[in-house]
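Okay, thanks for having me, everyone. Let me put the chain up on the screen, and then we'll walk through it together.

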Amino acid sequence: PGYLYLVLHGIDVSKGKAQFATRDVDFFVGRNYLVTIHDGESRSIGRLRELCDQHERILGEGPVALLHRIIDTMVDNYRPVAVALEDRIEKLEEHAMAGRTQMVQQVLKVKRELATMRRVLIPQRDAVGRLARREFPAISDEMAYRFRDVFDHLVRLSEEAIMFQDRMTGVLEV
């Protein structure tokens, strides 16, 4: 009672690597505070920290609004990874159609990444969906509306991951 506890996964892409990893970010949100706990650096939190230094009004919006901004930024960071995966899938499909062989390792690697993305995105989608439905007293109608937008992005990303996995199954069949 008195606070909301949430765990989400930020995406971490190392420069020069095609693969990605995720990092847990724990959030504690109370009436007048937001605490995050995470290993290492978080691009999303770092970016918001810089914005807060530049624009005092951001902190004045309250802890739930700050939570929303962080989550929105975290979810936005998934888009470039999804685009890169789709590009890799298209190349694999082209290679398969051209009759290239010895693609099994590449296909399996992409399939593992897609499975990881699905395992991360679907629970996050559900958690943010609960915020969007105002299941918690700390979430106002205005904030629920903002969380709906993030929820919609997570729905699209999770549906893309499922669709990409289906496409990868087709690549192996060619």
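Let's start with a pair of helices: how are α3 and α4 oriented to each other? Before I answer, keep in mind that this is a predicted model, where local features need pLDDT of at least 70, side-chain atom pairs count only at pLDDT 80 or more, and totals for chains, interfaces and linings use all residues. Residues are numbered from 1 along each chain as its sequence is written, and side-chain values use heavy atoms, with hydrogens and water left out.

So, the answer: α3 and α4 are roughly parallel, because they pack at an angle of about 15°, and angles under 35 degrees count as roughly parallel, over 145 as roughly antiparallel, 65 to 115 as roughly perpendicular and the rest as oblique. Their axes are 4 Å apart. By axes I mean lines fitted to C-alpha atoms, for helices over the stretch in contact, with angles running from 0 to 180 degrees between N-to-C directions. On the α3 side you have M74, V75 and D76, and they meet Y78, R79 and P80 of α4. By class, that's 4 nonpolar, no polar and 2 charged residues. For the classes, Ala, Val, Leu, Ile, Met, Phe, Trp, Tyr, Cys and Pro count as nonpolar, Asp, Glu, Lys and Arg as charged, and the others, Gly among them, as polar.

Let me zoom out for a second. The chain has 6 helices and 3 strands; those are DSSP runs, helices being H or I of at least four residues and strands E of at least two, numbered from the N terminus. Going along the sequence, you read β-β-β-α-α-α-α-α-α. The C-alpha trace spans about 60 × 30 × 25 Å along its principal axes. Of the 174 residues, 39% are buried, where buried means under 20% relative accessible area, exposed over 50%, and partly exposed in between (1.4 Å probe, protein chains only).

Now the other helix pair. Helix α3 covers residues 63-76, and its axis comes within 9 Å of the α1 axis, crossing at roughly 135°. That makes α1 and α3 oblique to each other. On the α1 side, S44, I45, R47, L48 and C52 meet L66, R69, I70, T73 and M74 in α3. That contact has 6 nonpolar, 2 polar and 2 charged residues.

Which residues does S44 touch, leaving aside neighbours within four places in sequence? They are I70, T73, M74 and N77, with contact meaning heavy atoms within 4.5 Å. S44 sits in α1, residues 43-54, and it's buried because its relative accessibility is 3%. Its side chain also makes a polar contact with the side chain of N77, at 3.0 Å. That term means a pair of N or O atoms within 3.5 Å; within protein, one must be able to donate a hydrogen and the other to accept it, and residues adjacent in sequence count only if both atoms are side-chain atoms.

Over to the strands. T36 is in β3, residues 33-38, and it's partly exposed at 26%. Not counting residues up to four places away in sequence, T36 touches V25, D26, F27, I45 and I70.

Last stop: A98, in the loop between α4 (78-97) and α5 (104-132). A98 is exposed, with a relative accessible area of 63%. From A98 to D152 it's 54 residues in sequence and 37 Å in space, C-alpha to C-alpha.
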